[in-house]
Amino acid sequence: MIAVRMYDIIKHKRDGGALTKEEIEYFVSGVTDGSVPDYQAAALLMAVFLRGMDARETAELTLAMARSGETADLSGIQGVKVDKHSTGGVGDKTTLVAGPVAAACGVKVAKMSGRGLGHTGGTVDKLESIPGFRTALPPREFVDTVNRVGLSVIGQSGNLAPADKKLYALRDVTATVENASLISASIMSKKIASGADRILLDVKVGSGSFMRTAGQAEHLARMMVDIGARAGRRTAALLTNMDVPLGFAVGNTLEVAEAVETLRGHGPEDLTRVSLALASEMLYLAGKGSGESCQSQAREALASGAALEKFALMVETQGGDASAVRGLSPFPQAPYSRSVVSPRDGFITAMDAERCGTASVLLGAGRAKKEDPVDHEAGIRLLKKNGDAVSAGEPVALLYASREELFAAAEEVYLSSLSIGPEPPPETELILGRIEA
Ligand code: URA
């Protein structure tokens, strides 16, 4: 038998072939044990990005990645365990709101999250902006936290889907993120390995997401829902709007602060609505009643402060300082800020959310290279959004950074994200669809 070589696998995909199961497994195990170097893994990722994968290759890649490490044993958690995952957006802090809301309604939320990817933020980076918060919990402590608090959010710690951990970091810096097969395999390998019974996917659509059109997002959602069903997990997807950043905060600490405001009932309307829709779906998947009943349970958990209390408890249980969450001290702020002003009069008719996210990365909130640290306090506070009237010279956003020299490039990119016209744009829908197998 001829030995499989990474060179031939790359060439096979580069020339448009469909990879065999053996080739996919060779690649995944080589990435996991380090015998495939980053440059060959990155070359194959780019070949997949350009040539695509069919449904069989995608499912085999997902399962090989899910099996690349251990599978979490959540049998010690009583009740139905629900996980939620977003395909990635800008200002997307919905996990920090929907998770506590669902937990306050009695659902066990056992969630493994990711770090920032490309121009999008990651829940792990956001939570790590809370001093002391531990996103790497040993499996036993994760199970205990979910049992005691009802909610735990951890990073891709331990040995769960280690192939995804490596590929995710490589994709982040090699422009190979926006591919439905790679996104499906990345998300679903983690979700299968992390063991929850029910999986809710938030598939983002629009300029700030990896899927620009509803058609592309629907294709991705169907792919993931089918993989979930084949793995024996009840999986549903909501398609939600990501044409404009969600809420007004982009950047790690800024987003945690906005999520806390939302849990206090004073959050931005778009963030509140999308978070409640996701929480209601989590309740529905967990069998907590009809769609309508789940929506009213979710609203009540937010209004009563029970969800805020769940979040504070999770922060404390995972070692974090919850004083800012409990309103006893302010959230930390970056040493420098600068306003961006509107170049002319008119209405904001569009915001390219990817460029808003890139501006935030340039300020330090995301990574340029995989080993880069993130600056937790860096980011953007939007002062004006789609549909708002603006006058020339009026501030439209505040940029935050730890070094003043970062402002010029970020300001240029941020301004290039705005379209300003004579009329306000038409209203857009926030929730665009629901898909279940
Ligand atoms: N989230 C993930 O975990 N992986 C992706 O590829 C995109 C979003």
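I took two rings of Phe, Tyr or Trp as a pair if their centres lie within 6.5 Å, with the six-membered ring standing for Trp. The model I searched is predicted. By this rule I came out with zero aromatic pairs. The two values I would have noted for a pair of aromatic rings are the distance of the centres and the angle of the planes.

I then turned to charges over rings. I noted Lys385, whose charged end sits over the ring of Phe248, 5.1 Å from the ring centre.

I followed strand 13 to its partner, strand 5 (residues 234–241). The two run antiparallel and are joined by five bridges. In one of the pairings I looked up, Thr240 has Ile431 of strand 13 as its bridge partner.

I recorded an open sheet of four strands in the order 6-9-11-7, with antiparallel pairing. Strand 6 (249–250) and strand 7 (336–341) stand at the edges; each has a single partner strand, so one side of each has no neighbour in the sheet. Strand 6 runs antiparallel to strand 9 (residues 379–382), and I found two bridges between them. Here I noted Val250 opposite Ile380 of strand 9.

I also looked for a helix on this sheet. Helix 16 (residues 407–417) packs there and touches strand 7, strand 9 and strand 11 (395–401). The direction of helix 16 makes about 30° with that of strand 7.

**Strand 8 and its partners**

I traced strand 8 (residues 346–351) to strand 10 (residues 389–390), an antiparallel pairing with two bridges. Phe347 has Ala389 in strand 10 as its bridge partner. I also traced strand 8 to strand 12 (residues 418–421), again antiparallel, where four bridges join the two. In that pairing I found Ala350 bridged to Ser419.

**Ligand**

Which residues are around the ligand? I listed His85, Ser86, Thr87, Leu117, Tyr168, Arg171, Ile183, Ser186, Ile187 and Lys190.

I then read off some polar distances. For His85, an N or O atom of the side chain is 3.0 Å from an oxygen atom of the ligand. For Lys190, I have 2.6 Å between a side-chain N or O atom and a ligand oxygen atom. At Ser186 the ligand atom is a nitrogen, and a polar side-chain atom lies 2.7 Å from it.

Notes
Residues are numbered from 1 along each chain as its sequence is written. This is a predicted model: local features need pLDDT of at least 70, side-chain atom pairs count only at pLDDT 80 or more; totals for chains, interfaces and linings use all residues. Side-chain values use heavy atoms; hydrogens and water are left out. Rings of Phe, Tyr and Trp (its six-membered ring) pair if their centres lie within 6.5 Å; planes under 30 degrees apart count as stacked, over 60 as edge-to-face and the rest as tilted. A charge sits over a ring if NZ of Lys or CZ of Arg is within 6 Å of the ring centre and within 35 degrees of the ring normal. Two strands pair if DSSP finds at least two bridges between them. Contact means heavy atoms within 4.5 Å. Axes are lines fitted to C-alpha atoms, for helices over the stretch in contact, and angles run from 0 to 180 degrees between N-to-C directions. A residue is near a molecule or strand if one of its heavy atoms lies within 4 Å of it. A polar contact is a pair of N or O atoms within 3.5 Å; within protein, one must be able to donate a hydrogen and the other to accept it, and residues adjacent in sequence count only if both atoms are side-chain atoms.
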